[in-house]
Amino acid sequence: MGHMVQVKGGEVWAQDSGSDDGARPPVVLLHSGVGDSRLWDPVLPGLPAGQRVIRYDARGFGNSPAPTVSYSQAEDLRSVLDHFEVRRAVLVGTSMGARTAIDLALDDPGRVAALGLFAPGVAGYEGLEVPEVTEEIGRLATARDMEGLVAFALGLWGAAGPDPDPEAETMLRAALPAWFTTYGHETEGAPAFGRLGELDLPCTVLLGEKDQPEVIRCNEAMAASIPGCLLVRHPACDHFPTLRAPKDVARLVTELCERAPAV
């Protein structure tokens with residue numbers, strides 16, 4: 001069961017396990033732009049009993065309404081933490097969600113106990129965007145070619161999956177409307193790549209060796225820039241790590257919580 005959380009000019013759907021044994025800080029799971037909070041479904045059974053887990057759908061994704069005003073992902077995350085009265089949390093995100101986690105950790109470090117960054121993105125890294133990829137996505141989006149977008153995205157970010165790949169395809173199809181409804185509303189955070197050295201907290205980066213080459217290079221550079229960061233290279237992962245290796249993701253999240261300072 002979940003419920004709606006008020007954010008600036010709107011609301012997001014969120015779910016809180018509510019359980020907390022007091023031994024570990026709460027974990028907040030942040031999804032990527034190629035799915036919604038259901039991407040974490042395969043991971044949840046592998047997390048320790050008694051671990052408090054919060055997850056939510058970003059605006060326009062899953063059960064969250066599309067935005068009607070300008071908004072910031074990091075500000076929405078802060079609002080979710082405030083709603084659930086979480087003073088400090090372990091933030092774990094994939095791709096877009098990882099970017100959001102980094103933004104909050106830099107803007108408000110007191111709220112973040114540790115960072116789990118799986119196939120992450122980050123604002124300000126030159127070389128992450130490929131002009132040909134951006135152009136093709138733009139062409140397909142302009143034509144409203146949903147089938148073409150799904151096929152292109154799976155070929156680019158889903159190389160480790162089976163053929164057919166029903167789990168990743170379902171997530172992609174559900175996420176595609178948000179690519180359109182959030183456009184022009186989301187306010188991007190300031191460049192963060194050059195500030196990664198400021199992060200002073202336990203951090204794990206999971207790199208999928210079957211991910212897009214530009215993402216792999218970005219993840220390597222991120223891990224090298226974050227002091228004390230643990231870089232994990234996963235040979236069987238692409239841009240959908242929670243679908244490809246849920247047990248490994250759960251183990252890394254658990255280990256990260258053990259490294260986090262007491263809250």
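Is Tyr125 buried or exposed, and what is its relative accessible area? In this predicted model, in which local features need pLDDT of at least 70, side-chain atom pairs count only at pLDDT 80 or more, and totals for chains, interfaces and linings use all residues, Tyr125 is buried, with a relative accessible area of 19%, where buried means under 20% relative accessible area, exposed over 50% and partly exposed in between, for a 1.4 Å probe and protein chains only. Residues are numbered from 1 along each chain as its sequence is written, and side-chain values use heavy atoms, with hydrogens and water left out.

Helices (H or I, at least four residues) and strands (E, at least two) are DSSP runs, numbered from the N terminus.

The largest nonpolar core has 37 residues, and those with the most contacts inside it are Val28, Leu91, Leu115 and Leu117. Helix 2 (residues 96–107) gives the most to this core, with 6 residues. A nonpolar core is here a set of buried Ala, Val, Leu, Ile, Met, Phe, Trp, Tyr and Cys residues joined through side-chain atoms within 4.5 Å. Leaving aside residues up to four places away in sequence, Leu91 touches Val28, Leu77, Ala101, Leu104, Val112, Ala114, Leu115 and Gly116, contact meaning heavy atoms within 4.5 Å.

Helix 2 is mostly covered, 11 of its 12 residues being buried, and the elements that cover these buried residues include strand 3 (27–30), helix 1 (73–83), strand 5 (89–94), strand 6 (112–118) and helix 6 (213–225). The end C-alpha atoms of helix 2 are 17 Å apart, which agrees with the 16 Å that its 12 residues should span at 1.5 Å a residue, the expected span being 1.5 Å times one less than the number of residues. Within helix 1, Gln73 counts as buried at 6% relative accessibility; its contacts, not counting residues up to four places away in sequence, are Tyr56, Ala58, Met96, Arg99, Thr100 and Glu186.

Strand 6 is likewise mostly covered, with 7 of its 7 residues buried. It runs parallel to strand 5, to which 6 bridges join it, and parallel to strand 7 (residues 203–208), to which 4 bridges join it; two strands pair if DSSP finds at least two bridges between them. Ala89 has Val112 of strand 6 as its bridge partner, while Phe118 is partnered by Leu206 in strand 7.

Several backbone features lie in loops. Ser95, in the loop between strand 5 and helix 2, has a positive phi of about 50° although it is not a glycine, and Ser95 is buried, with a relative accessible area of 15%. Ala119 also has a positive phi, near 50°, and counts as buried at 0% relative accessibility. A cis peptide bond, with omega about 5°, joins Asp163 and Pro164, and Pro164 is placed in the loop between helix 4 (146–157) and helix 5.
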